[in-house]
Amino acid sequence: MSKTPATSDRAAFVRAEGVLVDRGVLSAVAYMAAHRPGFRERGLRLLQTAAAAPLFAALGQRDRSLGNRVAHLPLRDMSEDRIAILAEEYVEDILRDKVLDTGVELLKGLRREGFTVVVLSEGIDEVMGRLVRSLGVADEVHTNRLEYRAGRATGKLLDPVVGGYEGGRFVRDWGRRRGLDLSRCRAYASKAPDVLLLSAVGEPCAVNPDFTLRKAAREANWPIRDYPA
Amino acid sequence: MATFDVRSTFAGRHVLLSGATGFVGKVWLAMLLDRLPEIGHLYVLIRSKKRPAHERFERALNTSPAFRPLHERFGADLSDYLERRLTVVEGDVSLPGLGIDPAVAAPLRKKLDLVVNFAGLVDFNPDLRDALASNVEGAVHAADFVAACDHAALLHVSTCYVAGTREGRIPESLDPTRTPNGTPFDAERELEHLHALVAETVTAADDPAVHDEIREQIVARLERRGLAPKESRIRAMAARLHRRRVKEALIEAGTRRATELGWPNTYTYTKALAEALLAARAETIPVALFRPAIVESAESFPFPGWNEGFNTSGPLVYLAGTWLRHIPAKHYNKLDVIPVDHVARGLTTAAVALLHREHRLVYQCGTSDLRPLTMDRIFDLSALAHRKHLRTHGATKARRVLLSRWDITVSTPEGLLSVRNIRRVVHQANRFLRHGLPSKIPHEVREKADELAHTGENAERRLRQIEDVMDLFQPFIHDHDFTFECRALREVPIRDPAFRFDPASIDWRRYWMDVHMPGLRRWCFPEYEGKEREAYQAPHPVTVVRAEERFGIEPGRGAGEAARS
């Protein structure tokens with residue numbers, strides 16, 4: 001396998017949700033559903049988003065990939081143009097205020113220390129890719145990608161879906177491609193399904209962890225970092 | 001494969017442009033002057049109206065934003081630059097010999113390598129006489145002029161929509177023997193028929209019975225207004241009304257003939273007729289027909305968003321920003337929009353092929369075959385662009401909050417909330433307010449009702465105008481779906497990528513949101529709203545050289561007069 005040169009020999013993998021931003025995917029999906037063309041369509045898709053919410057929460061602790069797939073279904077049949085423009089609006093009007101300053105400082109610090117910062121987000125690229133790139137704190141951003149056919153979203157996410165248990169595999173593949181020693185790499189995450197992402201590196205850190213991850217971090221003796229309120 | 005170098009092709013060439021003050025003409029002229037300083041000489045055919053030709057052209061040069069890049073680049077030296085490269089020729093395409101003074105025409109005929117005929121009337125349903133003069137006879141006169149030149153070729157600007165009511169893929173070809181609905185067609189005979197139709201319509205309108213009826217109408221109107229029916233006043237009004245009647249009859253005659261033969265309007269019909277007449281001359285002169293689709297805002301030259309006038313997408317897009325929420329269009333129908341600077345590049349490409357005599361008869365210049373833009377996408381992007389604008393610039397809270405979030409819907413012309421139905425409801429409401437209220441109502445209520453009816457009548461008038469615009473555009477946005485093949489331009493082997501016709505490079509979202517819509521808002525919407533358009537005044541006004549000065553000829557009797565005599 002050919003190796004892609006890394007910008008440095010150490011990398012830090014950061015899950016955006018909970019570490020860098022205080023907003024999940026459902027908020028973005030609801031915003032877009034509420035601004036579809038046609039009031040009927042808006043109502044229906046908002047209901048669909050509302051119905052997806054408990055499922056997403058329930059699946060969140062187990063299979064986050066499936067949760068993410070369900071959460072993005074209300075975007076079905078929306079035009080690529082509309083998603084792009086609404087994403088821009090959402091980022092500027094809502095998400096930018098939800099960026100965690102401590103998270104931004106954390107990423108800046110990592111870059112100063114010489115880490116290649118890789119941000120992973122279960123949000124779609126139009127939203128999270130745009131936000132993270134505009135913050136200028138990451139070297140790479142990996143997000144979920146919507147599938148489009150003839151300029152319209154099918155409501156499906158393209159594989160691999162970020163946010164599930166694939167986090168660990170992603171980190172291992174990424175490190176292998178660049179010839180990195182993962183025992184010298186770091187990872188930061190806040191949700192239970194990210195436990196495999198964290199365990200793939202030598203220096204994991206649970207940031208603002210949920211109940212399950214906090215418990216796992218304590219048992220594994222990983223550092224826990226809670227942002228000041 | 002041999003490639004063409006644009007600069008060396010144009011180096012030392014002499015080009016005559018007619019219709020250079022139109023939207024496309026100005027941009028092409030500015031592009032040639034800006035990017036091809038090697039060009040031999042440009043002659044611009046301008047008609048004298050109230051002002052002499054050279055003054056009219058100087059005014060265009062000094063006030064049209066299309067020439068801004070030239071002013072910015074050359075500053076105070078622009079007059080000198082133009083003095084060496086450009087001459088204004090007084091003339092009129094509707095006249096034989098292009099209305100050029102024979103003393104000017106003689107040296108021109110020896111020098112010219114290319115004549116580009118932009119001149120034309122772009123009104124969809126104009127007075128048939130005007131359409132014939134500009135669109136048909138103008139083209140024939142240009143061809144005759146080229147035939148009398150030593151070595152010139154003709155590039156005639158037509159339109160893709162000569163396809164008429166044909167459907168689907170429109171090839172880059174011309175069948176002058178059939179109309180779009182398959183009727184056998186002979187262009188020369190059709191031209192004779194049209195002249196006869198004009199004469200017949202004018203004669204019919206000159207009938208003494210018509211004059212008597214007009215007179216009676218005027219007298220009745222004056223009496224209703226309580227004005228004295230003075231003979232001089234009656235005569236003046238009758239002459240005006242008669243002229244209007246003749247014009248209306250000729251508009252109707254043109255439209256009727258066009259639809260009979262399979263064209264949606266007089267504009268496309270007369271353009272197609274001109275093409276057929278020119279095709280017959282293609283055996284004797286080098287000629288190419290250049291068919292742009294719907295020409296819209298510039299993507300980058302003269303600057304992003306430059307547009308002017310009453311273009312096709314402008315009124316539709318404007319409506320998408322009003323409270324009218326239903327536009328009659330068909331889902332997935334394509335609207336072939338092409339930015340004006342892409343058209344200018346296409347023109348350069350076709351001209352190069354023509355100058356090398358390796359040209360084809362027809363060049364279509366559009367985007368529908370390679371970068372199609374559907375009605376759905378146009379309205380989606382327009383709604384999003386209005387949304388973006390209204391959220392921050394909406395004049396009222398209702399516009400900022402409600403209208404910005406209320407998308408336009410593409411519907412059938414018969415849809416429940418169509419403009420026609422809304423107008424009918426408004427009309428009925430007005431009638432009720434004027435005549436339906438009981439006679440014994442308080443004076444204050446009557447006054448209020450009259451006030452409301454007055455507002456309603458204004459709204460009805462506006463709705464009627466919108467309805468007329470919709471009717472004009474319906475063939476293009478609802479009735480027919482075209483895909484114009486545009487291979488010929490892409491296949492001209494142009495060496496320099498900067499001059500290549502490359503519609504595939506257009507990113508519609510960026511173009512529509514960041515270039516076209518802001519351009520329309522700045523240059524066109526004010527005109528629709530009856531407001532003053534942003535003025536431009538060149539920092540260093542330029543003067544131009546007249547053909548008489550250039551060729552050392554005594555100023556003559558005026559081109560039109562010379563040609564007529």
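Modeller: Domain bounds here come from an automatic or database domain assignment. The model is predicted. In chain B the assignment gives domain 1 (1-183 + 264-293 + 336-369 + 485-501), domain 2 (184-261) and domain 3 (307-335 + 372-481 + 507-534).

Biologist: How many Å separate the centres of domain 2 and domain 3 of chain B?

Modeller: Taken over C-alpha atoms, the two centres are 32 Å apart.

Biologist: Now chain A. How many helices and strands are there in chain A?

Modeller: Chain A has 10 helices and 8 strands. Its radius of gyration is 17 Å, close to the 17 Å from the globule rule for 229 residues, so chain A is as compact as a globular protein of that length. Buried residues are 48% of the 229.

Biologist: In what order do the strands of the open sheet in chain A stand?

Modeller: Two strands pair if DSSP finds at least two bridges between them. In chain A, 6 strands form the open sheet, ordered β3-β2-β1-β6-β7-β8, with parallel pairing. β3 (140-144) and β8 (224-225) stand at the edges with a single partner strand each, so one side of each has no neighbour in the sheet.

Biologist: How many bridges join β1 to β2 in chain A?

Modeller: There are 5 bridges between β1 (residues 11-15) and β2 (residues 116-124). Within this chain, Arg15(A) stands opposite Leu120(A) in β2(A).

Biologist: How many residues does each chain bring to the contact between chain B and chain A?

Modeller: Chain B brings 9 residues and chain A brings 9 residues. On the chain B side, helix α14 (residues 375-393) gives the most, with 5 residues. That side of chain B divides into 3 nonpolar, 1 polar and 5 charged residues.

Key: Residues numbered from 1 in each chain as written. Chains lettered and ligands numbered in written order. Predicted model: local features only at pLDDT ≥ 70, side-chain atom pairs only at ≥ 80, totals over all residues. Helix = DSSP H or I, 4+ residues; strand = E, 2+ residues; numbered from the N terminus. Contact = placed C-beta atoms within 7 Å. Nonpolar A, V, L, I, M, F, W, Y, C, P; charged D, E, K, R; others polar. Rg over C-alpha atoms; globule rule 2.2 N^0.38 Å. Buried ≥ 20, exposed ≤ 12 C-beta atoms within 10 Å, placed from the backbone.
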